[in-house]
Amino acid sequence: MAPFLPSVLAVALPIVSWAEASSVLHPRGEDAGRIAEIGWVLYLGAAAIFLATAVVLGMALRGPQRARRLLGRPALIVVAGVAFPVAALTALLVYALLAAASMARGPEPAWRIEVVGELWWWRVRYRDTAGELLFDTANDIRIPAGVPVEILLSSDNVIHSFWVPSVAGKLDLVPGRVNRLRVLVPEPGVFGGLCAEYCGAQHAKMRFELRALAPEAFAHWLEAQRRPAVAAGPALRQGERVFQRDCAQCHTVRGTSASGTQGPDLTHVGGRPWLAAGALPNNMGGLAGWIAGGQRIKPANLMPSFGHLSGDELRAVSAYLDGLK
């Protein structure tokens, strides 16, 4: 067994780490805490009822004669079969409804962020208090810790479901409708999110990260994201030319002539942790693999594979994108 231990740990530890950052059993947001509390009350209530039923059943089968006679009375059917379930389920229902209603109440959100479900990634828009667009990003949602944030959820294709298990409950993105999800994360942290509604071929590869930042760090990130891309230096100009030739029809890089809107805004793509909604880590190798073989990595996504690029062109455009921090 010992020779296999490193391999087992290599697989298990990242799964455990991801589970802790994406689990309803490790609530880190205000609403997730309430949901976990509701869950534990229901679980423990159900366990208590199950144990009580098992004890009664055991007494009826193996208990003293007197206890068996008492349990055989018709009145027990009325009490245990009708009155008790009605009372217990009504009490649990009232508790759950009151607890859920409390999640809808709270202070006015400090930020409103638009999240649009695409096929198969998340378009994220930040706007100012007047509703003017500040910038677009993708699959990377950052909020200030300790203040309420409202996330406006919409879709123009199919139904998706936005879920960050450690932060809040799931909420659907329905075409033609805007749903609102309020989140409050008291402390900084990184939390995994996913689409919780089957939405097509690459539903399983539609993940994102929600990062709660200290207010100062959030303000710094916000300011950096609003800036246009830094002009490419001599070493990156070949990559910029390849990008403008092959990618600018679908992608925007603010500060350049690239202004496509079908795909994600790539102005600061080099600073995002993941590519293709969590399909690949964001580094030079991941960028090159995604550009050259996106259809093999994530079949049926709307970006074609650019297999026609030479090795030099692929390395150049990957370096250019990696430099957009």
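**Labels and the values behind them**

Modeller: Cys199 counts as buried, at 8% relative accessibility. Keep in mind that the model is a predicted one.

Colleague: What makes 8% count as buried for Cys199?

Modeller: Buried means under 20% relative accessible area. Cys199 has 8%, so the label applies.

Colleague: How do you know whether the sulfur of Cys199 is bonded or too far for a bond?

Modeller: The closest cysteine sulfur belongs to Cys195 and is 3.9 Å away. A disulfide needs two cysteine sulfur atoms within 2.5 Å, so this pair is too far for a bond.

Colleague: And what about Cys250, how far is the closest cysteine sulfur?

Modeller: That sulfur is in Cys247, at 8.5 Å, which is also too far for a bond. Cys250 is partly exposed, with 30% relative accessibility. The structure holds zero disulfides.

Colleague: Why is Leu25 called exposed?

Modeller: Exposed means over 50% relative accessible area. Leu25 has 53%, so it counts as exposed. Leu25 lies in the loop between helix H1 (5-21) and helix H2 (30-62). Leu25 also belongs to a nonpolar surface patch of about 620 Å², together with Val24, Trp40, Leu42, Tyr43 and Leu44.

Colleague: What makes Glu30 and Arg34 a salt bridge?

Modeller: Their closest N and O atoms are 3.6 Å apart, and the cut-off is 4 Å, so the pair qualifies. Both residues lie in helix H2, four residues apart, about one turn of the helix. Glu30 is partly exposed at 28% relative accessibility, and Arg34 is partly exposed at 24%.

Colleague: Which parts does the salt bridge of Arg112 and Glu150 tie together?

Modeller: The closest N and O atoms of Arg112 and Glu150 are 2.6 Å apart. Arg112 lies in strand S1 and Glu150 in strand S5 (residues 149-155), so the pair ties together parts that are 38 residues apart in sequence. Arg112 is partly exposed at 35% relative accessible area, while Glu150 is buried at 13%.

Colleague: How do you know that Arg245 and Glu313 form a salt bridge?

Modeller: Their closest N and O atoms are 3.3 Å apart, and the limit is 4 Å, so the pair passes. Arg245 lies in helix H6 (residues 237-246) and Glu313 in helix H8 (residues 311-322), so parts 68 residues apart in sequence are tied together. Arg245 is partly exposed at 42% relative accessibility, whereas Glu313 is buried at 19%. The whole structure has 17 salt bridges.

Colleague: Why are S4 and S7 said to stand at the edges?

Modeller: They belong to an open sheet of five strands in the order S4-S10-S9-S6-S7, with mixed pairing. Strand S4 (140-144) and strand S7 (171-173) each have a single partner strand, so one side of each is left without a neighbour in the sheet. Within this sheet, S6 (residues 160-163) and S9 (residues 189-195) pair in the antiparallel sense over two bridges.

Colleague: What makes S1 and S2 a pair of strands, and how many bridges join them?

Modeller: Pairing takes at least two bridges. Five bridges join strand S1 (residues 111-117) to strand S2 (residues 122-127), so they count as paired, and they run antiparallel. One of the partners is Val115, whose bridge partner in S2 is Val124. Val124 also stands opposite Thr137 in S3.

Colleague: Which other residue has a positive phi without being glycine?

Modeller: Ala276 is one of them, with phi near 55°. Ala276 is found in the loop between strand S11 (274-275) and strand S12 (280-281). At 15% relative accessibility, Ala276 counts as buried.

Definitions and conventions:
Residues numbered from 1 in each chain as written. Predicted model: local features only at pLDDT ≥ 70, side-chain atom pairs only at ≥ 80, totals over all residues. Heavy atoms only, no water. Patch = residues over 30% accessible without salt bridge, like charges linked within 9 Å, V, L, I, M, F, W, Y side chains within 5 Å. Areas by Shrake-Rupley, 256 points an atom, 1.4 Å probe, with all protein chains shown as cover. Salt bridge = Lys/Arg side-chain N within 4 Å of Asp/Glu carboxyl O. Buried < 20%, exposed > 50% of the residue type's maximum accessible area, 1.4 Å probe, protein only.
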